[in-house]
Amino acid sequence: MSDSDLPAAPPALSVDDLVVAYGSRTAVAGIHLRIERGEIFGLLGPNGAGKTSTLSAIEGLLVPRSGRVLVDGVDARHDPLEAKARLGVQLQSSSFQPELSIEQLARLFGGLYGVRLTRGRIADDLRAIGLDEEAGKRFKQLSGGQQQRLALYIATIHDPRVLLLDEPTAGLDPQSRRALWRRIEALRAAGSSILLTTHSMEEAQAVCDRVAIIDHGALLTEGTPTDLIAKHRDDPRVLEVAHGDVTLEDVFIGLTGSEIRD
């Protein structure tokens, strides 16, 4: 059998006609997403657009009203344990046990995932993310950037096929943000596929292969950052908010509105 006769591998993540509702309020209104293998995909939207609800449904933290989620080809509703085993998740705010040290947290979560971690491997892993000198520190003693780097390490300790990151660089200084971008790109190079939410258009352009903009639970547009600028550069809503050459931020504001969201 030739390579062309082999069945094509499924996308890393498929979201089909996903509907999430809280009582009478619809938070996600039938969106479709495809994240290809080895891709960094950005989900952009204002506060309340449905980003976190979408991630929560993919993670299995809430049951969608309808739709289907496939993680590495595994149906998350029919086989939730297998789907979750293929996922790594870093939430916007990490709430690890504050009194445990970095090394203790690594051992704890390694055990939860069934990953045997030797002291040597932990030391190598922490050295790779610049935390080797902090291995004995308690989580609460770490800076914000150090906590985010640790959270990303914990999320990938079991080598997940798909990684979900909810605003991974929120609140970080520029140096810490760039360091986390390099780590995300290294994870992609090692074989992970990544879906991240962000409010930073700079971040979306710097690290994402493709992005989707959603608002009020609906997908408004999707493509590479460059393609979206080209696609919407003549939209009157975008031109109204642009200052000079049209940017991805202009496209975002033009499509979702200028009003401030709480």
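How many bridges join strand 4 to strand 5, and in which direction do the two strands run? In this predicted model, strand 4 (residues 66-71) and strand 5 are joined by two bridges and run antiparallel. Within this pairing, L70 has D75 of strand 5 as its bridge partner. The two strands belong to an open sheet of four strands, arranged in the order 2-1-4-5 with antiparallel pairing. Strand 2 (25-35) and strand 5 (74-75) form the edges of that sheet, each pairing on one side only. Helix 1 (residues 51-59) packs on the sheet and touches strand 1 (13-22), strand 2 and strand 4. The direction of helix 1 makes about 115° with that of strand 1.

The confidence of the prediction was examined for the chain and for its elements. The protein chain has a mean pLDDT of 91, and 96% of its residues reach 70 or more. Among the elements of the chain, the lowest mean pLDDT belongs to helix 5 (89), whereas the highest belongs to strand 9 (residues 210-215), at 98.

A further open sheet contains six strands in the order 6-7-8-3-9-10, and its pairing is mixed. Its edge strands are strand 6 (87-90) and strand 10 (218-223), each of which pairs on one side only. On average, neighbouring strands of this sheet are turned by 15° against each other, direction ignored. Strand 7 (residues 162-166) and strand 8 (residues 193-197) run parallel and are joined by five bridges, and L164 has L195 in strand 8 as its bridge partner. Helix 8 (residues 225-232) packs on this sheet, where it touches strand 9 and strand 10. The direction of helix 8 makes about 110° with that of strand 10.

Strand 9 and strand 10, by contrast, run antiparallel, again with five bridges between them. A212 is paired in this arrangement with E222 of strand 10, its bridge partner. The two strands form a hairpin with two residues between them. In the turn of this hairpin, H216 has a positive phi of about 50°.

The packing of the helices was considered next. Two packed helices are described by the angle between their axes and the distance between the axes. The axes of helix 3 (residues 102-112) and helix 4 (residues 119-128) come within 11 Å and cross at roughly 115°. Helix 3 is therefore roughly perpendicular to helix 4. The crossing of these two helices is right-handed. The contact brings I102, E103, A106 and R107 of helix 3 together with R119, I122 and L126 of helix 4. By class, the contact of helix 3 with helix 4 comprises four nonpolar residues, three charged residues and no polar residues.

Helix 3 also packs with helix 5 (residues 144-155), at an angle of about 20° and with the axes 10 Å apart. This angle makes helix 3 roughly parallel to helix 5. The crossing of helix 3 and helix 5 is right-handed. Here I102, L105, A106 and F109 of helix 3 meet L150, Y153 and I154 of helix 5. The contact of helix 3 with helix 5 has seven nonpolar residues, with no polar and no charged residues.

Helix 5 packs in turn with helix 6 (residues 174-189), their axes coming within 10 Å and crossing at roughly 10°. Helix 5 and helix 6 are therefore roughly parallel to each other. From helix 5, the contact involves G145, Q148, R149 and L152; from helix 6, it involves S176, L180, R183, I184 and L187. The residues of the contact of helix 5 with helix 6 divide into four nonpolar, three polar and two charged.

Definitions and conventions: Residues numbered from 1 in each chain as written. Predicted model: local features only at pLDDT ≥ 70, side-chain atom pairs only at ≥ 80, totals over all residues. Heavy atoms only, no water. Axes fitted to C-alpha atoms, helices over the stretch in contact; angles between N-to-C directions. Parallel < 35°, antiparallel > 145°, perpendicular 65-115°, else oblique. Left-handed = near helix turned anticlockwise from the far one by under 90°. Contact = heavy atoms within 4.5 Å. Nonpolar A, V, L, I, M, F, W, Y, C, P; charged D, E, K, R; others polar. Pairing = 2+ DSSP bridges. pLDDT = per-residue confidence, 0-100.
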